[in-house]
Amino acid sequence: MNSTLKRAAVACLAMFALLMINVNYLQAVKADGYREDSRNNRNYFERYAVQRGRITASGKTILAQSTETKGPFKFLRDYPEGELYAHVTGFFSPESESSIERSENSLLDGSSSDLLLRRSIDLFTGEPTKGANVDLTINPKAQKAAYDALRQSGKRGAAVAIEPKTGKILALVSLPTYDPAKISVPEKPQAFSAYNKLEKNPDKPLINRAIGDFYAPGSTFKVVTTAAWLEDDSSRDGQTVVDAPTRLSLPNTTTTLPNYGGAACGGGQVPMVYALERSCNTPFGKIGLDLGYAKIAEQARKFGVGEPLSIPMGVEASTIGDEEKEDPAAIAMTSIGQRSAVMTPLQMAMIAAGIANNGSVMKPYLVNKITDAKGDAVDEGEPEELSEAMSPENAAKLKSMMVSVVANGTAKTAQIPGVEVGGKTGTAETREGKAPHAWFISFAPAQDPQVAVAVFVESGAARVGEEATGGGVAAPIGKAITEAVLNK
Amino acid sequence: MPAKRRVAQLLMLALAVVVVMGAYANVGLAMDEKIPSGMLTYGLSLGGLMLAAYLVLAKFAPWADPLILPLVTLVNGLGLVMIYRLSESDSPLPSAKLASPNTQLLWTLIGIVLFSATLIFLRDQRALQRLTYTAGAAGLFLLVSPLIPGLGQEINGARIWIGIPGVGQIQPAEFAKLALVIFFAGYLVAKRDVLALAGRRLLFIDLPRARDLGPVLITWGVSLGVLVMQKDLGSSLLLFGTFIAMLYIATQRISWVIIGILLFVGGAVLAGLVFDHVQQRFEVFLNPGDPELFVKIGGSEQLMQGLFAMGSGGILGTGLGQGHPELIPLAFSDFIFAATGEEIGLTGLMALLMVYALIVERGLRTSIAARDPFTKLLAGGLSFLLAWQVFIIVGGVTNLIPLTGLVTPFMSQGGSALLANWILIALLVRMSDAARRPPPQAIQDEGLTQVFQR
């Protein structure tokens, strides 16, 4: 029997060999696939196993933090400021995250290769891995002012404040907002139902209107047209007289472009600064026709329009629309911020900031500093010029024209005693019968700009055709933000 | 002449207990950042139990193989640690809630009592040969007992349990397989000449006579009966495979193996055609990752959760107490191998499989060294049974073969299997003692030295 016993032993050996080979195949070759499978709930628990870094504003206000708890989830995410910063921090839900929580995820959860050294040290000292802390450029006072003022309007909208010299984003608000804590609970059913409720909300609170969507900029776009006009001929300035007919007839068409409410603009021949103050349509329409699509487009591009940006969240690219060959009249509409021109509020803030900063547009950024758990710097936000939009001389001319708009024009509601504010209002027609959007862009103080603001109030203009509405609804919000930054 | 190697055995045993205690401490430190409070109780219980088992073995089977007991201790201990680890999880999942390390420790105690009792009362394994047909009848009765109304109970869709008032449920099939291997051994020894020699040659293989096919067909029928009536794929496969292996060992006829495989394939195809659950197991085996099968009731989720666990463990594992084995359904029983794989990784599983392989190897060595055909066949059969069982369940959870439910010997939570397996080990130890015991010394006579050959 021994010979067959030996064969049986070989069979047993073969069975164990097969098992071992298969286990090797599973745990060494196929392991990654199984580990990363979406149905593998371990990844889900892993999300809560590491102490995620904090998100702070200006080094002091805590926007998001992870606190240790008892139970199956070790660290839970907590948003002390709640709705106020929802579109800045984003949320950290069981299967996804958004905004800064998403863009800086690998640093926040400590898995980034930038933290390799820290992790190696922790491995030897036996300390648990902790995520890096992210400090944002947000000025908490400005953020609060923007939020409160925009909320008071009772409308949907967005407000962005930028430091013109650096590109630091000082405030970033989008309304309606949501409570990130509700989506960030680890229990999937609660988190998902909270998310689905927000997703189905017709007001779309999950959209960050400041960077994630674009809208017709209306008259605020006239500053871009003005910039192109100034750049076209250096002898021009605010006193240069331009044609300002009551109705501008457009080529190849029977339609005419009116001023708001069909009103006249001065005596038909006005200084450019007057046209901007009153926000007449016809002079800018004519300038657009005279300069042509290419020059307006080039000027917009220089202000950053169409540039893919990440602040570090991705920003929707603004556009003035494609050139319409069969309709040369289109450029007249584009020049007053209508037709296919659509801008994000951030883009409009960049335009104001670029003019304020002597024509130099700085790249906007939100992350001030990233430090590892021990406080050593991992990364720091650096001011970086995006483009030279205008010559300093032309920028100075445009600046003084915009100061005039606040001092004498449509944006009087933005005046701050003792501070020279430059700005431009806008009212953008959207659809027939729907209230237009109210806009306001500004910078202050004019001599040494500390802040540039863009305010957008969705369908915020009270009565259709009321030009003063940009000034009536949006400008006071801009004023509140500016005051908060300037400590007024 | 083999040495007794008793000191070596004691040291190995101590090492096994120390490894298990280390694993306990590891679980406690990882999960609660302290040595578990019950560690001393566990350590002393396990250590004391093993010392008692060792003393019984030293007294009643002094020539026994020195490795079998320490190896089994290690696997049994590791199973206890995994069940303890699962019970410590905060998770509300059934794999955490149903794991009960104290009960398992109690069963281990009873298992060792049975191990000792077997060694004390069964002084010569050849006594079992006289009980051939009794064992056969007992085995058959145990196997069908869950079908007896009032006695049998159906749990999780398999009717493999009987309820004993005051004790709980036992799985009689676990004991039946021991009785049946004893029956196979006794029967085959008696009939092996006729099974081996009678027949005629066709092409390359010797075909047996038709009437000698009887026992094979009966076993096949019984196995199929188990499958049909109790929906227990695993036991059915285990029993039939072991019988074919023993038949081959006894008769040296490859034709039996071929007939066996043909019958098995026929049975499997038949079962697949008739029973949805058999067919579904096969579909899951072919395509476990399929999203549709994953969400189906009785689909691939269970298997996939085991694979996810093993994949997440990777080469070195997460470390005991640091993974999430509670996410695997039945992590404390059928899937304890996958749960272990997550926490001790490929490295640990290779060691674990090696320990199983060594136990089997010691058993087969005993079989080869044994002096009478019955002992040879019984030892070979029991060893093969163990190897075959590990192959079926581990192969199942690692998707090497279609998954059929079976316990992982000595590791899975459950009293019946643990008790039966400790008796199996006692039988192997008893036989190894007999095999290694020096034969009666021949009267020394210069020039006429007797030569013994095994």
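In what order do the strands of the five-stranded open sheet in chain A lie? Select them and read across: the order is β6-β5-β19-β18-β17, and the pairing is antiparallel. Keep in mind as you look that this is a predicted model. The edges of the sheet are β6 (169-175) and β17 (422-428) of chain A, each of which pairs on one side only. Ignoring direction, neighbouring strands here are turned by 5° against each other on average.

To see one facing pair, show Val160(A), which stands opposite Leu172(A) in β6(A).

Now zoom out to chain A as a whole. Colour by secondary structure and you will have 18 helices and 19 strands to look through. The C-alpha trace spans about 120 × 50 × 40 Å along its principal axes. Of the 488 residues of chain A, 54% count as buried.

Next, select residues 1-28 of chain A. UniProt, in an unreviewed entry, places the feature "signal peptide" on this span. In the model the span is 96% helix and 0% strand, and its end C-alpha atoms lie 40 Å apart.

From there, bring chain B into view. How many residues of chain A are in contact with chain B? There are 32, and they meet 41 residues of chain B. On the chain A side, the elements giving two or more residues are α1 (2-29), α2 (31-36) and α3 (42-47). The largest share, 18 residues, comes from α1(A). Colour this side of chain A by residue class and you get 17 nonpolar, 10 polar and five charged residues.

In soluble globular proteins, nonpolar side chains tend to be buried together. The largest nonpolar core here has 153 residues, and the members touching the most others are Val20(B), Ala185(B), Met246(B) and Val429(B). Helix α15 (residues 373-397) of chain B contributes the most to this core, 16 residues. Centre on Ala185(B): leaving aside neighbours within four places in sequence, its contacts are Met246(B), Phe374(B), Leu377(B), Leu378(B) and Gly381(B). A second, separate core holds 131 residues, including Tyr85(A), Ile211(A), Val453(A) and Phe456(A).

Back in chain A, select helix α14 (residues 293-302). Its buried residues are Tyr293(A), Ile296(A), Ala297(A), Gln299(A), Ala300(A) and Lys302(A). These pack against α11 (222-232), α13 (282-291), α15 and β16 (385-388) of chain A. After α14(A) comes Gly304(A), with a positive phi near 105°.

For the last stop, pick Ser335(A), in helix α15 (residues 330-335) of chain A. Is Ser335(A) buried or exposed? Ser335(A) counts as buried because it has 31 C-beta neighbours inside 10 Å, where 20 or more are needed. Not counting residues up to four places away in sequence, Ser335(A) touches Thr225(A), Phe284(A), Gly285(A), Ile287(A), Gly288(A) and Ile296(A). Finally, draw a C-alpha to C-alpha distance from Ser335(A) to Asn281(A): 8.9 Å in space, for two residues 54 apart in sequence.

Terms used: Residues are numbered from 1 along each chain as its sequence is written. Chains are lettered from A and ligands numbered from 1 in the order in which they are written. This is a predicted model: local features need pLDDT of at least 70, side-chain atom pairs count only at pLDDT 80 or more; totals for chains, interfaces and linings use all residues. A nonpolar core is a set of buried Ala, Val, Leu, Ile, Met, Phe, Trp, Tyr and Cys residues joined through C-beta atoms within 7 Å. A residue is buried if 20 or more other C-beta atoms lie within 10 Å of its own, exposed if 12 or fewer, and partly exposed in between; C-beta atoms are placed from the backbone. Helices (H or I, at least four residues) and strands (E, at least two) are DSSP runs, numbered from the N terminus. Two residues are in contact if their C-beta atoms, placed from the backbone, lie within 7 Å. Ala, Val, Leu, Ile, Met, Phe, Trp, Tyr, Cys and Pro count as nonpolar, Asp, Glu, Lys and Arg as charged, and the others, Gly among them, as polar. UniProt positions are given in the numbering used here, feature names are shortened, and annotations may be inferred rather than shown by experiment. Two strands pair if DSSP finds at least two bridges between them. Axes are lines fitted to C-alpha atoms, for helices over the stretch in contact, and angles run from 0 to 180 degrees between N-to-C directions.
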